[in-house]
Structures are given as C-alpha cells and as structure tokens.
Amino acid sequence: MTEKQKPSIRFKGFTEYWEQRKISDYGDFYYGHSCPKWSVSENATTPCVRYGELYTKFGTKINQVYSYTNMPPEKLRFSKGTEVLIPRVGEEPMDYNHCTWLSLSNVAIGEMISVYNTNQNPQFTAIMFNATLQKQFAMRVEGGSVTNLYFEKLKDIDISFPSIKEQCKITTYFSSLDHLITLHEKKYNRLVNIKKSMLEKMFPRNGEIVPEVRFAEFTGNWEKRKLGEIADKAVDNRGKTPPITENGTHPLIEVACLGNGSPDYSKVEKYLDDNTFNTMLRDYIKEGDILFSTVGSIGLISLMDSNENAAIAQNVIAFRAKENYDSSFLYAMFSTEENQDKVMRIVMGAVQPSIKVSQLVNVEYSVTDNIDEQKALGKYFLVFDHLIALQQQKLKKLQNMKKACLEKMFV
C-alpha cells in the first residue's frame, strides 16, 4: 500500500498527491567500474567521473568532465546520460548528500559510485535525494574513519515523486537558483581576489622600500617598524575565562567570528550577562581596535566596529593604533599574505598552535609614516571590505532561500 503526500509549497496548477514508494520500485542500482587514480592522465582519452569529484566538482548536474582514464574500455562501465550518481565512499555519514545527474553519454563511471537508473527526471531525483535523504543515507553508512554506503542498504528507503511535469518545473526553478548562486559566488570570489592582489601591490614586498602601486600624491620611502612601535596591546584576555550565562546579552567574540571587515556576529555562540561584562570586560575593546587570533587559527583579524556591548574571548587579543598611526591602515597591513607569513613563523605547537604576544610585538612591518597616506590606504581597503560584505549578504540570502525551498518543496 502506498502513502500519498503533498509538499507545503507548490507551483500553481499542481494539486495531485505525491506517491510514496520504495526507491527500488522507482529504479534500479549498479556500481561503477574501476577508474583508479594511476589510470587518470592528461594523455588519456576516455572521459570519466571519479567518486571524489562528486564532493568537489559537481552540483546536481554533470555537464562536463574533468578527468580522463587510459583503462581499457572493456573494463569500464559507460553512461547513457540518464544516470543518478551517489557516492559510495566518504568520511562523514552526513556527507553523502552529493548526488548528481550524469547528463553526458559515453562517460566512464568510476568505482565507489552507486548508479541509480530511473524513468523519473534524473536531475529532480538528484535534487530530491540531496534534500530529503541525508539522514536516511547516514543511518545506513557502514565503517569507521572511511565509511561506505552500499546501494543494497538503500533499496528500502521510502521516497515520493510527483508527476513528470511537476518534476520538470521544480528542476527548472532550482537550476535557475543555482545559476544565480554561482554568479554571486563568482562576484564574491572576484572581489576577494582583487583585494588580495591590491594588498600585495600597495604594501612593499620583502626587501622593498616602496610599494609597487601607490596613490600619485604620495612619495618617500616606507620604514621598518616593530609592531610594538606602532600599536599598543589594548587587551589580552588569556587566562581570564568569563562565565557564560544562558540569558546573557553581550556577545563574546571568538576566533570563528574573525575575518574580513568587522566581526561576524552571526557566528557568536556565547554571551555574557551584565554583571560579568561590567566587572570583567567593559571598555576592553573600542571601535577601531584590531582583533587578532592567537590560538588555533592564527592570524585571523577583524577591525572592531562600534558595538560597545561586545567582549573578546581569551584566544583573541586587541591592538590599538598609537598616535600618528591609522587603525584601518594597520588592519590592512596585517592582512597581506607576506605579513601573515611573518606571524606564522613565530607559531608554537602543533596540536593547538599559538603565538606569544611578547614575540608578536617584535615582528617588523613596512609602514609609511605619512598619516594621510595611511588613511587613504585604510579607506581604500575598507571600501573593498564593504563591497565584499554586501556581496556575501546577497549570496547568503540566495543560499538561505534555496535551503528553505528545499525544505518546503519536497515531501
């Protein structure tokens, strides 16, 4: 006996129930054949898809290949262009929702891939598997550090399909949404890469006394200065572990909150109550302070915003620009790849990397003593951070929209 269901959101004109059956009632499985790593080369001519690429290269549709194998054709299994691929091997049980439709024919399907053939829309099938079967897959995973998901374990899973026409409508919607997300990802990555490139060009490289690119009105050599000469340690909370309360209202900025621009408060997990904040941490950080991670992920930085209710955790320190030095300039200076490398040279420990502030303040940086040039550079890179943040917000909005639709448009 089959169960009939409906999703909570549908396109206009579709009212029929979705019919629930076992996966094995809608299609059949087989495994791909051997395309070992040693057989993949630039000179090989047989296109193939390998299981690792399901995690790293593809979304819900494969319309181009990245690998070619020199295995004899008789030892391979080729696609017809209708197959849904499911990774058979992975690390995390909840990571098997990387199903994809192989839309190309005559492509060799590598081993450690389960192949599902169905007369339903294959891209809809891949989208639906990823959206609704993550927990079902995880329950059927076997193994330890390397796990396996055998298709024999999948056959009894209940799934529901609508009419082919509704499948196509849903597939078109998510394809368009994925296209928009990809465009915004490219815009975001482009801005990040441009900022990175300009940081390298607008600060002197090792051994140089002037930057490669400079605002036209500024001249003169840059000088070497130790961090302790250009910034003061505003706060170092190491050794001070404030109590965390359930009803706290003061965000505790930890390493995970640091990155481009101001702290990311969406990643705050701990809050302090008024008493703790007022007695232990009030006035420790101010707008313009440079927040710097010293334990774990070393060297992540943010420029503190105007949030006077926030505090920093013990694995974060704050530096405050000295007189005649601009904080946004120092923030940009910290961000260059070369200066990040300088910090990594003083890292201690392997399991839990850390740096001593006493060593960090002795690291030398190239700086311009012209405060106007500092402000011009600082403002330039803050504009980049603003553009990057705006683009990231647009991208997150689309990703959240997709996530919500995946939850509501399937049963």
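Analyst: One term to start: a residue is buried under 20% relative accessible area, exposed over 50%, and partly exposed in between. Also, this is a predicted model.
User: OK. How does L387 count on that scale?
Analyst: L387 has 38% relative accessibility, so it counts as partly exposed. L387 lies in helix α11, residues 371-408.
User: Which residues form a nonpolar patch on the surface?
Analyst: V383, L387 and L390 form it. Together they have about 220 Å² of accessible area.
User: Switching to sheets. What is the strand order in the open sheet of five strands?
Analyst: The order is β3-β11-β7-β9-β5, and the pairing is mixed. β3 (27-31) and β5 (61-62) are the edge strands, each pairing on one side only.
User: How many bridges join β5 to β9?
Analyst: Two, and these strands run parallel. β9 covers residues 100-102. K61 has W101 in β9 as its bridge partner.
User: Which helix packs on that sheet?
Analyst: Helix α3, residues 122-132. It touches β5, β7, β9 and β11. The direction of α3 makes about 25° with that of β7.
User: And the sheet of three strands, what's its order?
Analyst: β8-β13-β12, an open sheet with antiparallel pairing. β8 (89-90) and β12 (142-143) each have a single partner strand, so one side of each is left without a neighbour in the sheet.
User: What stands opposite G90 in β13?
Analyst: T147 does. β8 and β13 (residues 147-148) pair over two bridges.
User: What holds paired strands together in general?
Analyst: Strands of a sheet pair through backbone hydrogen bonds.

Methods. Residues numbered from 1 in each chain as written. Predicted model: local features only at pLDDT ≥ 70, side-chain atom pairs only at ≥ 80, totals over all residues. Heavy atoms only, no water. Pairing = 2+ DSSP bridges. Helix = DSSP H or I, 4+ residues; strand = E, 2+ residues; numbered from the N terminus. Contact = heavy atoms within 4.5 Å. Axes fitted to C-alpha atoms, helices over the stretch in contact; angles between N-to-C directions. Patch = residues over 30% accessible without salt bridge, like charges linked within 9 Å, V, L, I, M, F, W, Y side chains within 5 Å. Areas by Shrake-Rupley, 256 points an atom, 1.4 Å probe, with all protein chains shown as cover. Salt bridge = Lys/Arg side-chain N within 4 Å of Asp/Glu carboxyl O. Buried < 20%, exposed > 50% of the residue type's maximum accessible area, 1.4 Å probe, protein only.
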